[in-house]
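Hi everyone, thanks for making time this morning.

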Amino acid sequence: MAFTQNPVDKTQSTKRFSFVGPMEQRSSSSSKDQRFVNWLPELTEGPAKENKQWWLRTRPGLTSVYTTTNATPRGCYYWNSHVMSVAGSSIYYDGTFLSSITTSTGNVGWAEFLDSTGVRKLIMLDGTKGYVFTAYNSAPTEITDGDFPTPHVPTPIFLDGYLFVAKADTQDVYNSNLNDPLLWTAGNYVSAEMYPDTIQGLSRNNNYIFAVGKSSIEFLYDAANASGSPLSRHDSAVQQFGTPAVGTIVATDKEVVMVGQINEGGRSVWALEGFKEVEIATLPVRLALNAEGTNITSAKAYAVKVGGQKQYVLCLTSRIFVYTFETKLWTEWSFVNTPYYACDSEIGYPYVQINTGSNTIIAKMDDASVTDLGSVITSTIVTSKLDFETTDRKRMDQLVIMGDSPNGSTDVPISVQWSDDDYQTWSTARTLNINPVDSDIRRLGMFRRRALKFTYTQPYALRLEGMEITINKGQT
C-alpha cells in the first residue's frame with residue numbers, strides 16, 4: 001500500500017531542516033538551487049561545542065540622513081564626525097555643498113593624513129587631481145606641485161608621514177615629501193616591477209602597502225631609504241593574482257579583500273591577512289564573476305558591520321553578493337537603488353551613498369530599520385531539492401516554520417511556494433502565519449523531489465531557525 005490516511009509509524013515521518021547553508025547555484029543564473037536574499041546568517045554559541053544555534057535574520061534597512069542634488073555618486077568618507085561625499089563634480093559635507101572639482105565621473109579615493117605636529121588632514125584623489133582638507137567645512141586645497149603623479153589611481157595610502165599614490169598605467173608608486181601632502185619631489189618613487197604588470201590600486205595591511213596589479217600583488221614597506229622613495233619591495237612576498245576591478249579592493253580591520261584573477265583565467269574573491277591569502281569565494285560566486293565579462297571592471301565593494309557582524313558587500317552588474325566573516329557564508333542582498341559606496345562611523349552604523357534617480361543621498365544602514373528609504377524589503381529563501389532520501393512519491397502533510405514571532409501574538413504572514421520540477425514552475429503562493437504558538441500550514445500535496453520558496457515582505461524584523469516537515473512516504 002503506497003499511502004494511507006491513517007499512516008503507521010513507518011510511513012509517517014517528520015524531519016527538521018535548518019534555513020542556514022551555502023548558496024548552491026549550478027550556474028551564474030539565480031533561477032535555480034538554494035539561495036538566500038536579504039538575510040544575514042547568524043551563529044550563537046554556548047560554552048560547549050554542541051551548543052550552537054544557526055539563524056537567518058532579515059538584513060538592516062536604509063534610513064535617509066542627508067540629501068544632495070541629483071548626480072552620480074563617486075564616494076564617501078566619515079571624517080571628524082562628518083560625512084564627506086562627492087556626487088558628480090561637487091563635494092559635500094553632511095549633505096551641504098562645499099566646492100566643485102573638475103571631474104564628474106569615476107571613483108574618488110580618501111586617506112587620512114597626520115603630520116608630525118599633530119595636524120590632521122583628509123586627502124581626496126579623483127584620478128586627475130588631488131585635494132587636501134584641513135577642516136570638514138572648508139574648501140580643500142588642490143595639490144598643484146608639478147611632480148604630483150597625474151593621471152593616477154585614486155587609492156591614496158598614508159604611511160609614516162608620507163602620502164603614497166600610484167601613477168596610472170605604470171608600475172610606479174610616488175610619495176609626497178615627509179609631513180606635507182602638498183609637496184612632491186621628482187624621482188621619489190619605487191617601482192613594483194617583479195612582474196610585467198601595471199598597478200590597478202593600492203591598499204594597506206599593518207605596515208605593508210599592497211601594490212595590486214592585474215595579475216600580481218607586490219608588498220612594499222618603509223625601509224627609511226636616505227634618498228628617493230622610503231619604500232622598498234619585499235621580494236620574497238608576492239602573490240600571482242591581481243584584480244580586474246580596482247573598486248573591489250577593500251581594507252578591513254584585519255585583511256585586504258578583492259576580486260582576483262590569475263593569468264590562467266578565472267575569477268574569485270581573495271582575502272589577504274599579511275602575506276597569507278585565503279580564497280573565500282564559493283562556486284556560485286566564481287561563476288557569477290566570470291559571467292560579468294568586461295563589466296567586471298565596474299564592480300564595486302565595501303565592508304560594513306551590521307547586525308553585529310562584518311560583511312564584504314560585492315556589487316556586480318545585476319547581483320549583490322555578501323560575505324559574512326563570522327560565519328564564512330555568502331548570501332545576497334537586493335535594493336531598489338543600490339548603494340555602491342559606504343563608509344564607517346563612530347556611532348555604530350555605516351553610511352552609504354545612493355542615487356535614487358531624483359537625488360543623491362547619504363543613508364545609514366540601520367539595524368533598527370525594516371525598510372529601504374520607506375520601500376518594503378523582500379527577503380527570500382529558496383531551498384535545495386528535498387526528497388527525504390528516496391525518490392518514491394510522498395505526501396507533505398504539514399510544514400512548520402521555526403523562529404521568533406516578529407510582532408508579538410499577532411500573526412505575521414510569510415508566503416510559501418514549491419517547485420516539483422527542478423525550479424521550472426512554482427505553485428500558487430500560500431500564506432503561513434508566524435506567531436508564538438502554531439506557525440504552520442497543512443495539506444501541501446504530492447511530490448518526489450521538492451524545493452520550497454519563502455518570501456517575506458512585512459515591516460517587522462524576523463529571525464528564523466528552520467522548518468519542520470511531516471510527510472507520508474510512499475513505496476513507489
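Let's begin with the largest pocket, which has a volume of about 1,500 Å³. Of the 46 residues lining this pocket, Y77, W110, V250, A251 and A342 are the closest to its centre. Several elements give two or more residues to that lining: β6 (73-79), β10 (109-114), β14 (157-159), β18 (199-205), β22 (250-251), β26 (300-306) and β30 (341-343). The most comes from β26, with six residues.

A word on what you are looking at: this is a predicted model, where local features need pLDDT of at least 70 and side-chain atom pairs count only at pLDDT 80 or more, while totals for chains, interfaces and linings use all residues. Residues are numbered from 1 along each chain as its sequence is written, and side-chain values use heavy atoms, with hydrogens and water left out.

Now the terms. A pocket is an open set of points on a 1 Å grid over the protein atoms alone, where a 1.4 Å probe fits, with protein on both sides within 12 Å along at least five of seven lines; lining residues have an atom within 4 Å of a point. The volume is the space filled by probe spheres set on the points, which are joined across faces, edges and corners. Strands are DSSP runs of E, at least two residues, numbered from the N terminus.

What kinds of residue make up the lining of the largest pocket? They divide into 26 nonpolar, 13 polar and seven charged. Here Ala, Val, Leu, Ile, Met, Phe, Trp, Tyr, Cys and Pro count as nonpolar, Asp, Glu, Lys and Arg as charged, and the others, Gly among them, as polar.

The second largest pocket has a volume of about 370 Å³. Its lining has 16 residues, and E255, E273, Y323, F325 and K328 lie nearest the centre. That lining divides into six nonpolar, no polar and ten charged.

On to the backbone. The peptide bond from T150 to P151 is cis, with omega near -5°, and P151 sits in the loop between β13 (141-142) and β14. F388, in the loop between β35 (379-382) and β36 (394-403), has a positive phi near 55° although this residue is not glycine. F388 is also buried, at 5% relative accessible area, where buried means under 20% with a 1.4 Å probe and protein chains only.

Next, the cores. In soluble globular proteins, nonpolar side chains tend to be buried together. The largest nonpolar core has 30 residues, and L399, F454, M467 and I469 touch the most other members. A nonpolar core is a set of buried Ala, Val, Leu, Ile, Met, Phe, Trp, Tyr and Cys residues joined through side-chain atoms within 4.5 Å. Apart from that core lies another, of 22 residues, including Y323 and W330.

Note on methods:
Helix = DSSP H or I, 4+ residues; strand = E, 2+ residues; numbered from the N terminus. Buried < 20%, exposed > 50% of the residue type's maximum accessible area, 1.4 Å probe, protein only.
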